[in-house]
Amino acid sequence: MYKITLIPGDGVGPEITEATRRCIEATGVEIDWEILDAGENVIEKYKTPLPKHVLESIKKNKIALKGPITTPVGKGFRSVNVALRKELNLYACLRPYKSYRGVRSKYENVDIVVVRENTEDLYAGIEFKKDSKEARELINVIKKLKAAEIREDSGISIKPISESASRRIVKFAFEYALKNKRKKVTCVHKANIMKYSDGLFLDTAREVAKEYEGRIAFEDRIVDNMAMQLVQKPEIYDVLVLPNLYGDIISDLCAGLVGGLGVAPGANIGDRAAVFEATHGSAPKYKGMNKVNPCGMILSSVLMLRHIGEDSAAKKLEDAVASVIAEGKSVTYDLKPTPNDPTAVGTKEMADAIVKKIK
Ligand code: NAD
């Protein structure tokens with residue numbers, strides 16, 4: 001019996017969470033769920049969208065399955081998703097993008113895993129506002145140190161890339177490749193221009209790759225070339241490892257290759273905890289309508305099952321999802337030829353069909 005924290009989230013979160021829980025239970029894996037709320041709905045009660053007891057539960061159980069949580073614009077609370085990553089040091093964002101027969105896409109046979117660094121790079125949030133005292137000071141310091149001219153009317157974002165975080169994420173990518181019988185890791189960067197940040201990422205990746213020589217192949221690609229190659233021949237790529245910003249952009253490109261958000265799973269993983277969640281958000285306009293596709297979250301739970309070593313249950317569940325999608329009958333609106341197709345089923349009914357297929 002596993003003890004796992006379950007955060008249903010808001011918007012369509014509770015519906016897809018319920019669908020996912022039923023699918024996992026149908027595999028026979030026994031889980032004692034610790035169900036806890038986070039997000040806007042709990043602010044009044046706990047004065048924060050991410051109450052301490054939710055964090056403590058994940059720290060204790062080490063595994064969480066999470067529905068999407070809305071980040072209200074301009075209400076001054078930090079995204080729960082970003083806060084979770086920071087508080088639990090979930091440094092690796094893992095996103096597999098796989099073609100499923102029955103999902104409309106221009107491509108077939110895509111099977112790419114994106115491993116994105118989650119803690120630094122331009123995403124570290126170190127920014128200086130145009131005309132601020134700090135921006136002016138920084139511009140002067142840089143002028144002194146580098147004899148480099150930055151226009152007075154500039155806003156500035158800082159891009160830190162460390163050797164330690166680079167080593168940690170590249171090692172994660174190789175270990176994932178080994179454990180999941182993948183063949184190749186491609187390091188994506190712009191080291192030809194950003195020699196001291198992306199250059200460090202690439203040099204570190206090359207060093208780490210030596211430890212896996214003969215077991216996992218290694219190559220690197222400049223990020224712009226990578227974007228073109230993914231569009232031209234995605235089938236030749238396997239595991240990609242990228243710094244934070246490129247990881248963000250290339251992830252969406254890959255989601256596009258396999259037919260969009262509805263079937264895109266994800267995980268944020270650290271050394272002490274892992275949180276599994278779909279790539280998509282809370283789709284508030286569909287809240288309570290039993291309408292959206294539960295597969296992003298169900299496939300995230302497949303990643304979770306593999307993470308805890310339940311490989312055969314993971315395979316059963318993924319095969320069941322693939323089979324329901326391939327049949328194209330009991331699927332939600334987004335997997336039908338047109339969004340208004342009257343034969344589309346709801347979230348619950350699609351989960352019913354998946355449960356029925358699990359043997
Ligand atoms: P979204 O992914 O919620 O929705 C965008 C559109 O994609 C929807 O309107 C819908 O048409 C479609 N869609 C999304 N999920 C679907 C599904 N499962 N099945 C079928 N169609 C689906 O993106 P958004 O509108 O930009 O964000 C809404 C809220 O979610 C925001 O507050 C955002 O901050 C939050 N968000 C949360 C997470 C998270 O919790 N990890 C991730 C992304 C966005």
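User: What are the ground rules?
Analyst: This is a predicted model, in which local features need pLDDT of at least 70, side-chain atom pairs count only at pLDDT 80 or more, and totals for chains, interfaces and linings use all residues. Residues are numbered from 1 along each chain as its sequence is written, and side-chain values use heavy atoms, with hydrogens and water left out.

User: Why are H8 and H9 called roughly parallel?
Analyst: Angles under 35 degrees count as roughly parallel, over 145 as roughly antiparallel, 65 to 115 as roughly perpendicular and the rest as oblique. The axes of H8 (residues 223-232) and H9 (residues 244-257) cross at roughly 10° and come within 10 Å. H8 and H9 are therefore roughly parallel. Axes are lines fitted to C-alpha atoms, for helices over the stretch in contact, with angles from 0 to 180 degrees between N-to-C directions. Helices are DSSP runs (H or I, at least four residues), numbered from the N terminus.

User: Which residues make the contact of H8 with H9, and what classes are they?
Analyst: H8 brings Val-223, Met-226, Ala-227, Leu-230 and Val-231; H9 brings Tyr-246, Ile-250, Leu-253, Cys-254 and Leu-257. Contact means heavy atoms within 4.5 Å. The count is 10 nonpolar, no polar and no charged residues. Ala, Val, Leu, Ile, Met, Phe, Trp, Tyr, Cys and Pro count as nonpolar, Asp, Glu, Lys and Arg as charged, and the others, Gly among them, as polar.

User: How do you know how H1 and H12 are oriented?
Analyst: The axes of H1 and H12 (residues 347-357) cross at roughly 10° and come within 9 Å. H1 and H12 are therefore roughly parallel. Their contact has seven nonpolar, one polar and four charged residues.

User: What makes Glu-18 and Arg-21 a salt bridge?
Analyst: The rule asks for a side-chain nitrogen of Lys or Arg within 4 Å of a carboxyl oxygen of Asp or Glu. In this pair the closest N and O atoms are 3.0 Å apart, and a salt bridge is formed. Both residues lie in H1 (residues 13-26), three residues apart, about one turn of the helix. The structure holds 27 salt bridges.

User: What is found between domain 1 and domain 2?
Analyst: The two bury about 1200 Å² between them, 55% of it on carbon and sulfur atoms. Buried area is the accessible area (1.4 Å probe) that two parts lose on being put together, summed over both. Across this interface the rule finds zero salt bridges.

Note on methods. Helices (H or I, at least four residues) and strands (E, at least two) are DSSP runs, numbered from the N terminus.
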